[in-house]
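Here is a short note for someone opening this entry for the first time. Please read it with the model on screen.

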Amino acid sequence: TLLLCAYGFFFNLRPSEPFLTAYLMGPDKNLTETQVVNEIYPIWTYSYLALLFPIFLATDYLCYKPVLILQATSLVVTYSVLLTKRSLIAMQLMEVFFGVATASEVAYFSYIYSIVEPAQYQRVTSYCRSITLFGSAAGSVAGQLLLSVAKVQLSYLFIFTLVSAAVAFLAPWFLPMPRRSLFFHKIPATVDHEPRCNGSTLLQNGGDVESRVPLNSHNSTTVAAQRFPDEEKHRTGLVGVLRVLSTDFVQCYKCPTLLSWSLWWALAYCGYFQVINYTQVLWEKVRPSQEYEIYNGYVEMLSTLLGALAALLVGYLPVRWALWGELVLCGLSMLMAVNVFIMDMLKDIWLCYSSYVVFRTTYMLLITVATYQIAASLSMRRYALVFGVNTFLALLLQSLITVVVDSAGLGPFSPPQFFIYAGYFALISLVFLFAGLCKVFSRRRSGQESMENSSTGVET
């Protein structure tokens, strides 16, 4: 656990991340806005999408540890290329390596459940998610202090980030090699339960939202595998695993509650990353880093810490998610749309900073609720499948939006782009407004019918 926490901390300790756009468009790289936004940043989305499913299977087949080493290596290569190369092709290659690093994130949290006893899942997950959040926030504030107080050059922030990535690279080599995994190397005595479609499950604990790991302990043991040992052997091959995945996919998404939360998760994840990816470009246009002092690091730190606090408060919100969940998603999605609209229309850097903090905090709160509501209905194996599918759909939609915008000649950051993103979240809000009203009316109608039936029984 200490090794995992050390790896997560140094992997996310990136003082340079809030200043990537300023670095690429500054004198160090001297790239144009069109090159950065249209030709470099979209490569990460495409590579992440292309690598997500193969790395998901490779993670399970190779038992996690080799993929953790691959992830750490990819991050070191990413920042090495970023520091030493200047050409457009090199920066595009850098985004490909970063796509490998982000797609391999599934190995970090999957490793926990292959090596730790089920009774310790919740505690170890809490440790690892907290330390990654702390690493991200510490990196942001360290970068800002180095830039504002120590007056270092931007390139030094990337050197510090490379050193942090090199330290993170050492940790996975000392981790023990797991002997089991969810699909290819299963313990014969363990079989997953069918999905429990129970939308009324209460949230008990908070955590980081952008995490895709269950925080509830899970120990589903049955005698089914003992009855069918031959069937379990056949399911460990690639064809068998794909067959199991397709069967689980159909069974999981038959659940209306899970389908509803997964739909919001995929749609919001797509819109969130579209906004996050190009927010620094917006800030650069409103307040150029070559002319003014910028405070991106403080903003990233504040949004991360407030988002973590919002996630922790989720478990204490007295909301009946089974009844009011869609309407809450509607209202807070509209709040996100309003903040993106403010960022687009009011070209004031402080309003942009404030709207970004509210936007990201709201997203983290909602994605935490969605994470728990989905995880409450699933076994461990199907949890990994559903969140992998949701991420894939979000990236696919994000890629389609990027391609359509590029083909229309708008570019990912032409003036109407953030207005389009605001409209996107407003559309999500309207979809869940309709779904929430339908659910409320359906519950009331069923309640009235049950009351009428009971009164008829009394009269009889």
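**Notes on rings and cysteines**

1. Start with the aromatic cluster. Ring pairs join Trp44, Tyr48, Trp264, Trp265, Tyr269, Tyr272, Phe273, Phe359, Tyr363, Tyr424 and Phe425 into a cluster. Keep in mind that this is a predicted model. In total, the structure holds 26 aromatic pairs.

2. Take phenylalanine 53 and phenylalanine 56 next. Their ring centres are 6.4 Å apart and their planes meet at 25°. The pair counts as stacked because that angle is under 30 degrees. Both residues belong to helix H3 (residues 33–61). They sit 3 residues apart, about one turn of the helix.

3. Phenylalanine 56 has 14% relative accessibility and counts as buried.

4. Now look at phenylalanine 418 and tyrosine 421. Their ring centres lie 5.6 Å apart, with the planes at 65°. That angle is over 60, so the pair is edge-to-face. Helix H17 (residues 417–459) holds both of them, 3 residues apart, which is about one turn of the helix. Phenylalanine 418 and tyrosine 421 are both buried.

5. Last, the cysteines. How many disulfides does the structure hold? The count is 0 disulfides. Cysteine 63 is buried, because its relative accessibility of 7% falls under 20%. Cysteine 330 is buried too, with a relative accessible area of 10%.

Technical notes:
Residues numbered from 1 in each chain as written. Predicted model: local features only at pLDDT ≥ 70, side-chain atom pairs only at ≥ 80, totals over all residues. Heavy atoms only, no water. Disulfide = S-S within 2.5 Å. Buried < 20%, exposed > 50% of the residue type's maximum accessible area, 1.4 Å probe, protein only. Phe/Tyr/Trp six-rings, centres within 6.5 Å; stacked < 30°, edge-to-face > 60°. Helix = DSSP H or I, 4+ residues; strand = E, 2+ residues; numbered from the N terminus.
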